[in-house]
Amino acid sequence: MSTNPATGPRSQGVLARIAEACDRPRVLGALMLGPAIIYVVAFVAVPFVLAIGLSLSDATVGNPNITNLVGLDNFTQVVHQEAFMLALRNSLLITTLVIVCLLVLATAATELLARDFRGKRLVQILFIMPWAMPVSLAAITWLWLLDSQFSPIDWILVQMHLLGPGGVWGPGRHLYYLGREWLGIGSLVFVDVWRMLPLATIIVLAGRLSIPRERLEQATIDGAGFFRILFRIIIPALAPVLIIAVLFTALLVIGEMSMVSLLTRGGPGHSTQVLPYWAYLKGIESGDLAQGAAIALFLFPVLLVAALIALRMAYRTQDG
Amino acid sequence: MKRSIRKTSFYAAVVLLALFSALPVAYAVLTIFKTQADLFTSGANPFIYGQPPTIDHLIFLFTQTQYTTFLWNSFVIGLFVVAITVVLAVPAAYALARLTGSWGERSGMAIFLVYLIPPTLLFIPLYQIVVDLDLANTIWALVVVLPTITIPFCTWLLLGFFRSVPRELDEAALLDGCSRFAAFRKVVLPQALPGIGACIVFAFSLSLSNYIYSVTFVTESAARNLSAGVPTELIRGDVYFWPALMAATSIVAIPLAIAYGLLFDYLVRGFQNAEAAATGG
């Protein structure tokens, strides 16, 4: 230190100047935002562009390079497959049904969980259980509950004389939930709703608890009943939050393939096929990367438009 | 009289809700201790034990399968994903909330657009990247890739928390001679701790849950996690080891449900700030 008195303060000066420069809002903002942006560009944006390239090429698992562009050929080929049309129908149908059920059930669950009552902690623990386990394990639990031979639900229905000889749905003793087209789709919707309800409720509950208590109390004093308060005050105030909940859960449901891949494997035939699983089967199992990418990409424009409209609505409802 | 009817119906609805969520898991727990013969007795009451309960299937799960490896892998992957997410998302959210001006403030919901890109589309090119990085068939493949799901979500969640901290707080710190970064670290960050807590829970849960990346990027069973390992190892062709599968599920579901359930109010608060900020309230 004492041997070189001149450089000490000066290097401090340089450091201080760097520190000062780094502390300007724009520089600090870039430094703090940078790593996340770089990560998202490297692992989301670049693969996304590559995937679009794949969908326009004739790449396969054997030759995965995007060397030969074939334009929209993959898309036209894909839409002519029967399995694709079924997958498209099912993806849209299942997502819509799940959303409708979730909206109703999450609003109902919210009204229950917004109040204080004895044993609330225990109820919260039981309630969040479906969401606490990985999706694939939730699917396995239901695979056992909906087993073709040993489903306990079948057993209950037999005891109630709804199934089995003489039953309304008899004479068989089994419904084969996952082995029939519409029962299969119904089962997928039910299991998705079962799994997503805790998350959807948390989102709606967050909005519900932001409604000022005085407003609700005032309405009660004015003599409004439960349903009047629900439909006139709570639901309109919740509208923006419900839109977020719908968007969020819809995107999770429409992109998820593990439920179908474990429960019905898209069958019987392709009657319960969905787009993500069909893309996976085509792209990876059959090795046609280009068509797989085209299938996975197919809904993107639709989702983009739907999401933009939803976001605008969420903002506007709030402003109005 | 009317009051007690309302109270009863309220509790009935609460019980119904709890049963709806928990009954499948209760049935899974019941299945764990059934003998194979008891399980496959046609027409027998499935809700009682026809034969004395056994713990053979639990012993099988822990000694004859790689279940403990899957548990450990999932745990390690979860820890790393949470760490990466927090390190990248916390500063990013603060920067968007305070430093990047008007476009940063409007970016709240735009982050959601990342979720429009389905994982089934990304995993083909991502697999190539994972292979190029020489990470295929290791748990690091998932550590590198899973933050694509957690970072956008957690940034959105934290953005709300940082916006809910009054600007006057940082301004006062700046007037006191703090640097901007010090103001963030010492004044704003402590206010956002509940948000970071909610982020940790969500990031962990999302990393645990992911199926498609786990199945496609790791085929070596020693490196598999719960989400991919249990369905592939305990289902061999058409042979299902039901009690072991149910044990594998319950052992994960019950402790996590207790943890998340106790944090329930906290998770709700996490969304409360984010929604208020996102919808401009």
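Visitor: Is B:Asp134 buried, partly exposed or exposed?
Guide: This is a predicted model. B:Asp134 has 10 C-beta neighbours inside 10 Å. The cut-off is 12 or fewer, so B:Asp134 counts as exposed.

Visitor: How does B:Asn137 count: buried, partly exposed or exposed?
Guide: B:Asn137 lies in the loop between α6 and α7 of chain B. Phi is positive here, about 70°, although B:Asn137 is not a glycine. Within 10 Å there are 17 other C-beta atoms. A buried residue needs 20 or more and an exposed one 12 or fewer, so B:Asn137 is partly exposed.

Visitor: Which helix gives the largest share of the side of chain B that touches chain A?
Guide: The contact involves 82 residues of chain B and 79 residues of chain A. On the chain B side, the largest share is 13 residues. They come from residues 242-262, helix α14 of chain B.

Visitor: How many charged residues are on that side of chain B?
Guide: Nonpolar residues number 62. Another 18 are polar. The charged residues are two.

Visitor: What is the radius of gyration of chain B?
Guide: The C-alpha trace spans about 75 × 70 × 30 Å along its principal axes. A compact globule of 281 residues would come near 19 Å. Chain B has 23 Å.

Visitor: How far apart are the C-alpha centres of the two domains of chain B?
Guide: Domain 1 covers 1-54. Domain 2 comes in two segments, 66-242 and 251-278. Their C-alpha centres lie apart by 34 Å.

Visitor: What percentage of the contacts in chain B with a separation of 6 or more join residues 24 or more positions apart?
Guide: Chain B has 15 helices and two strands. Of its 281 residues, 50% count as buried. Among contacts with a separation of 6 or more, the share from residues 24 or more positions apart is 76%.

Visitor: Where is the kink in α8(A)?
Guide: Helix α8 of chain A runs over residues 181-208 and reaches 38 Å, close to the 40 Å expected. It is mostly covered, with 22 of its 28 residues buried. The kink is about 45° and comes shortly before the proline A:Pro198. It lies at A:Met196.

Methods:
Residues are numbered from 1 along each chain as its sequence is written. Chains are lettered from A and ligands numbered from 1 in the order in which they are written. This is a predicted model: local features need pLDDT of at least 70, side-chain atom pairs count only at pLDDT 80 or more; totals for chains, interfaces and linings use all residues. Two residues are in contact if their C-beta atoms, placed from the backbone, lie within 7 Å. Helices (H or I, at least four residues) and strands (E, at least two) are DSSP runs, numbered from the N terminus. Ala, Val, Leu, Ile, Met, Phe, Trp, Tyr, Cys and Pro count as nonpolar, Asp, Glu, Lys and Arg as charged, and the others, Gly among them, as polar. Domain bounds come from an automatic or database domain assignment. The expected span of a helix is 1.5 Å times one less than its number of residues. The bend at a residue is the angle between axes fitted to the seven residues ending there and the seven starting there. The radius of gyration is taken over C-alpha atoms; the globule rule is 2.2 Å times the number of residues to the power 0.38.
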